[in-house]
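Hi everyone, thanks for making the time. I'd like to walk you through one model this morning, starting with its pocket and ending with its cavity.

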Amino acid sequence: MPIQKLLLLASACTLAFAASAQTGNSAAWPEKPVTIVVPFPAGGSTDMVARAMAVHMGEKLGQNFVVDNRPGATGTLGAGAVKRAAPDGYTLLVSSLGAFVVAPHLLKSVPYDALKDFDYITVPVQAPNVLVAAPGQKARSVNEVIAQLKANPGKVSFASSGNGSSDHLSAEVFWQQTGTEGLHIPYKGGAPAINDLLGGQVEFSFQNVNAVLQHIRAGKLHAIAVTGDKRSPVLPEVPTLAEAGVAGAEVYSWQGMAAPKGLPPAVKKKLSDAAIAAMNDPAVKKRMLDQGLEIVASTPEAFTAYQAREFARWKTVIETRKITAD
């Protein structure tokens, strides 16, 4: 046999072996524990969602899924670490929308390109925010809040869990759509913002439904409207902003699962199937719904398209409203 043919045959065998090995590895995944990086401290909503997913995905796939909290730089520290990891399915990211669609426009530099550096797996859950009034506030409707803002431009205080958080962005969109201006008071996290709201140090806030549901039910905070495109099942008597006359102010807080770009297709499929199954598990589903979270459990294709839309939307809002990280 001529030497050229031998070389071609050897090359073909090598390629076939490499493809077979890759397929074999993908088929066997996971063969060791999988790390889920949460770029926030333990105990918050994102951490809770990630841990629920970890338990059920581990049971389904026969390996431990371990949550690794890496807080810092509004979620971009942990997201950057995942971007640099090998795209083999053993390092995942579960974050709120901040790292995926807000921080890239808010911070001067982030250690990843949110449009190019991740394979998007699923949005497990979302939740609308709810406009709540402090105990001493008399406003009980959106029109009354707007009237208060117009009577005191730039003076009515709205607490948020931080610059660029979904509760801050909800307030900015609300002011934009109503032609008003409030006084933004950012806190380092939702808990201190809610504490000052309960104490009457600030007047209003757009908080995640799940974060303030117990206080609303106890009568300590007054729910005025939700930011979803439909009423929240846990607050059925509270209108949406659109129902109250404010169009174009729909905002959802959401969590997403992603991986470093370049996952083998077989691993990506296994991951998404397991993640979606975890969110549809009856016990997990009930736990999430009871807290005011809504199950999304989207496909990788749906999440990829949604991330791109949200990325463009918040870029426009942040630039138009001149929102900064400071």
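Before we start, a word on terms: a pocket here is an open set of grid points with protein on both sides within 12 Å along at least five of seven lines, and a lining residue has an atom within 4 Å of a point. Please keep in mind that this is a predicted model.

How far can we trust it? The chain has an average pLDDT of 92, and 92% of the residues reach at least 70. One stretch to treat with care is residues 16-24, where pLDDT stays under 50 and the model shows 0 contacts beyond four places in sequence.

Now to the largest pocket. Its volume is about 1200 Å³. There are 43 residues in the lining, and those nearest the centre are F40, S161, S165, G189 and G190. Two or more lining residues come from each of α2 (45-61), α4 (97-106), α6 (166-178), α7 (190-198), β8 (204-208), α8 (209-217) and β10 (252-260). Which of them gives the most to the lining? That would be α4, with 6 residues.

Two packed helices are described by the angle between their axes and the distance between the axes. For α4 and α11, which covers residues 300-320, the axes come within 9 Å and cross at roughly 35 degrees. The crossing is right-handed. On the α4 side, the residues in contact are L97, F100, V101, V102, P104, H105 and L106, and they meet F303, Q307, E310, F311, W314, K315 and I318 of α11. By class, that contact holds 10 nonpolar, 2 polar and 2 charged residues.

How many cavities of 30 Å³ or more does the count give? The count comes to 1. The largest cavity has a volume of about 50 Å³. Around it sit S45, V125, Q126, A127, N208, N210, S253, Q255 and L293. The elements giving two or more residues to that lining are β5 (125-133) and β10, with β5 giving the most, at 3 residues. The cavity lining has 6 polar and 3 nonpolar residues, and no charged ones.

One link to take away: β10 gives two or more residues to the lining of the largest pocket, and β10 also gives two or more to the lining of the largest cavity. Thanks, everyone!

Terms used. Residues are numbered from 1 along each chain as its sequence is written. This is a predicted model: local features need pLDDT of at least 70, side-chain atom pairs count only at pLDDT 80 or more; totals for chains, interfaces and linings use all residues. Side-chain values use heavy atoms; hydrogens and water are left out. On a 1 Å grid over the protein atoms alone, a cavity is a set of points where a 1.4 Å probe fits but cannot get out, and a pocket is an open set with protein on both sides within 12 Å along at least five of seven lines; lining residues have an atom within 4 Å of a point. Grid points are joined across faces, edges and corners, and a volume is the space filled by probe spheres set on the points. Helices (H or I, at least four residues) and strands (E, at least two) are DSSP runs, numbered from the N terminus. pLDDT is the predictor's confidence in each residue, from 0 to 100. Contact means heavy atoms within 4.5 Å. Axes are lines fitted to C-alpha atoms, for helices over the stretch in contact, and angles run from 0 to 180 degrees between N-to-C directions. A crossing is left-handed if the near helix is turned anticlockwise from the far one by less than a right angle, and right-handed if clockwise. Ala, Val, Leu, Ile, Met, Phe, Trp, Tyr, Cys and Pro count as nonpolar, Asp, Glu, Lys and Arg as charged, and the others, Gly among them, as polar.
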